[in-house]
Protein chains: 2
Amino acid sequence: MDQNNLRVNGKRLQSTLEEMAKIGATPGGGVQRLTLTDEDKQARDLFVKWLKEIDLEVTIDEMGNIFGRRTGRNNDLEPVMSGSHVDSQPKGGRFDGILGVMAPLEVLRTLHENNIETERPLVIVDWTNEEGSRFSPAMVASGVWAGALERDWAYSRTDIQGKKFVDELERIGYRGKLAAKKWPMHAYYEYHIEQGPILEHEGKVIGAPKGIVCLHWYDIYLEGTANQVGPTPMEGRNDALCAAAEMILKVNYLPGEMGGNTVATVGEIQNYPNSRNIIPDKVHFTVDIRSWDDDLAFRSWESLSKDFKAIAQARGCPIRIEETWRVEHAPFNGKLVQRVLDVADMLGYSKLHMVSGAGHDASYMNQIAPTAMIFVPSIGGRSHVEIENTTWEHCEAGTNVLLHSMLQSANEKSF
Amino acid sequence: MDQNNLRVNGKRLQSTLEEMAKIGATPGGGVQRLTLTDEDKQARDLFVKWLKEIDLEVTIDEMGNIFGRRTGRNNDLEPVMSGSHVDSQPKGGRFDGILGVMAPLEVLRTLHENNIETERPLVIVDWTNEEGSRFSPAMVASGVWAGALERDWAYSRTDIQGKKFVDELERIGYRGKLAAKKWPMHAYYEYHIEQGPILEHEGKVIGAPKGIVCLHWYDIYLEGTANQVGPTPMEGRNDALCAAAEMILKVNYLPGEMGGNTVATVGEIQNYPNSRNIIPDKVHFTVDIRSWDDDLAFRSWESLSKDFKAIAQARGCPIRIEETWRVEHAPFNGKLVQRVLDVADMLGYSKLHMVSGAGHDASYMNQIAPTAMIFVPSIGGRSHVEIENTTWEHCEAGTNVLLHSMLQSANEKSF
């Protein structure tokens, strides 16, 4: 047969995803499969079983990353890899992460049953703790593997109960012997739901992000003067929550004022003493700024921090600003991105050249090898919630794009 | 001697307050003497010991209220009462409440050592759980005593550890046999620090509040749409925290816009899921509105709730409003308030006719007997904090005003 006519089995992919969705299923229709919990272990065990069924060579490294390797005709050539994560957010959805692991499994099942060989070896990977919601930060195990983070630092991370990453990894039996250390790679593809509304809004099936936006995280601490609310006149108050409210609105209006394609969000706030009849004297809140344009993000923050200081001054609320984290925008490999777009064309799917607003394990892979991602639409743009959803047709379409992108990369001699 | 020349012993009052401040003393210079804890018991034991030292008849009722009674020449006449509370806020100050219990003790010590008799009996009282910070609501035991609240409901209140009010009352040995039931009273005086900056700002020593402002409590619940912040464009977001921020500022500007003497505060906020990279989809916050003018408070709320609904509509964040609690403004007895002002004049203290912005046990007494309060300045207007402070001179001045106000009430045949 002409390999271009090869398609994955959409029904099998669906039942595979449905089987996985039982592990950590929530009453609200989502999953809760926090990293290194019993549910994570169950999902890993099932994944490993499925890898072995199609004769893949399974290895587990010291970060718990699981690799399933299919030999090529020439095993001296650098392999083509694809993967994502089986862990989930608390009360997360049934597609985030797991689609990007089950889809390459479906790709390899399809090759397996059709006895199709490739020049290069193919590798599926499940990266440990992508979400970072139990052990901060996110994407820690792909970060260690890529050499961007220290293993022992990752091992020492604790959850809110004080349990250590390394102890929990040991406990579920997934602390492997193999060093978590990058190997030469010909190409890395990560397939993921979009987690935003753009594809749906534009009516497109396949998204090929040109890269990941830059990310700035800031932590703001305000001080006010606590007092009984009744006897304290409005004049002369130093109300830290009112200062925060002004700042939150500044963040919200920032992208509109600066122009360009930036998003800015306050997601988290703590207020003290948080009593209905005491004027707040301590507030902490976070700021998240993302843009494809690093310079615009910097200018936005500059303008914002000037506004913050003026508000703090006017309200008599001393401010402390922590610049917590900054990552520059990361363009994916142009040739691989174009391949995804071309494959979508070849298969007759509508496509969109876009950006990724979220970080993925692909961010770290992108630092060490040619990398691209494949997106499919999130219904209503919803993600990190139980009602997160993507149609089975779209799941299948993205997997076909993954199949042919991987095939093309795996059969080329050089990049 | 001319009784008008009688003065309390300021040094003794100071050392009594300093002795009390050791019980539950905090490193920050305040006290933590939560109701029905071991510290509360210690303070009660010391108070009872002091009552007995000057031959007062001590009774304890079923709510743990402690009464110390001094007989008059005519014990058929209704007594004159004064008191407040020995319990404190968590990390509270050394004057809130306890000054209003130790000052009438000093008054009765002064009468005792000068062998001064009064026509009517005099009664000191310590009301259980004025603060309400361990067992909600505040002023619960004076409320039961005045017939405004049910004893069994008060008994069933629980702290955050699930401990019951009645069990803790029993545990510290202050569940008396006597019914907590009002008796006829000729006059009730409550002496308290102002807990606001007005007296200090006006440079006055004695405040005589004409009553307690009205109090409105509202609870606001907002819904938004949770989403990953990165891939979700600003346009079309339903950010519940941004809606709340707009509302918090509306509350803050409300008194200025409505004119008159109102205060309006948001003291408490909860944000969900409260994660730095997820758009908030649930916010709860409180609104506290106080004014001497009930009608103004109502009009303020009407205007505010209209604004809230418009903001909720514009942000696409459904709003639910709970009207949690409303108390009308409560004027004290005009004749008693005038007596406090006249006594301040007679003693040569500057004075201010003002309002009380905070509730006190006097609120409940005011429902059943002629009632007035005496305020002295709070340094910097600070209260419910460890650095709460009032000069010893002012403590003494207020106690002298209490002495002569009580004497005048106790020696009049009829009101």
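Here are some worked exercises on the two-chain structure above.

The model is predicted, so local features need pLDDT of at least 70 and side-chain atom pairs count only at pLDDT 80 or more, while totals for chains, interfaces and linings use all residues. Residues are numbered from 1 along each chain as its sequence is written, and chains are lettered from A and ligands numbered from 1 in the order in which they are written.

**Exercise 1. A helix in chain A**

Task: Find how many residues of helix 3 of chain A are buried, and compare the reach of this helix with the expected span.

Solution: 

Step 1. Start with the terms. Helices (H or I, at least four residues) and strands (E, at least two) are DSSP runs, numbered from the N terminus. A residue is buried if 20 or more other C-beta atoms lie within 10 Å of its own, exposed if 12 or fewer, and partly exposed in between, with C-beta atoms placed from the backbone.

Step 2. Helix 3 covers residues 99-113 of chain A, 15 residues in total. From first C-alpha to last it reaches 21 Å, close to the expected 21 Å (1.5 Å times one less than the number of residues).

Step 3. Of these 15 residues, 12 are buried, so helix 3 of chain A is largely enclosed by the rest of the structure. Among the buried ones are A:Leu99, A:Met102, A:Glu106 and A:Leu111.

Step 4. Look just past the helix: A:Asn115 has a positive phi of about 50°.

**Exercise 2. A strand and its partners**

Task: Work out which strands pair with strand 5 of chain A, and in which sense.

Solution: 

Step 1. Two strands pair if DSSP finds at least two bridges between them.

Step 2. Strand 3 (residues 80-84) of chain A runs parallel to strand 5 of chain A, with three bridges joining them. Here A:Met81 stands opposite A:Tyr188.

Step 3. Strand 14 (residues 371-376) of chain A also pairs with strand 5 of chain A in the parallel sense, over six bridges. In this pair A:His192 is opposite A:Phe375.

Step 4. Now check the surroundings. Seven of the seven residues of strand 5 (residues 187-193) of chain A are buried, so this strand is largely enclosed by the rest of the structure. A:Ala187, A:Tyr189, A:Tyr191 and A:Ile193 point one way, and A:Tyr188, A:Glu190 and A:His192 point the other way.

**Exercise 3. How the chains meet**

Task: Describe the contact between chain A and chain B, and the rotation that relates the chains.

Solution: 

Step 1. Two residues are in contact if their C-beta atoms, placed from the backbone, lie within 7 Å. The contact takes 49 residues from chain B and 49 residues from chain A.

Step 2. Helix 8 of chain B gives the largest share of the side of chain B that touches chain A, nine residues.

Step 3. Copies are superposed by least squares on the C-alpha atoms of residues with pLDDT of at least 70 in both. A rotation of 180° with 0.1 Å of shift along its axis places chain B on chain A, with RMSD 0.2 Å. That is the relation of a two-fold axis.

Step 4. B:Ala245 comes closest to the rotation axis among the residues of chain B, at 2.2 Å (C-alpha).

Step 5. Finally, 100% of the interface residues of chain B are also interface residues in chain A, so the copies meet through the same surface.
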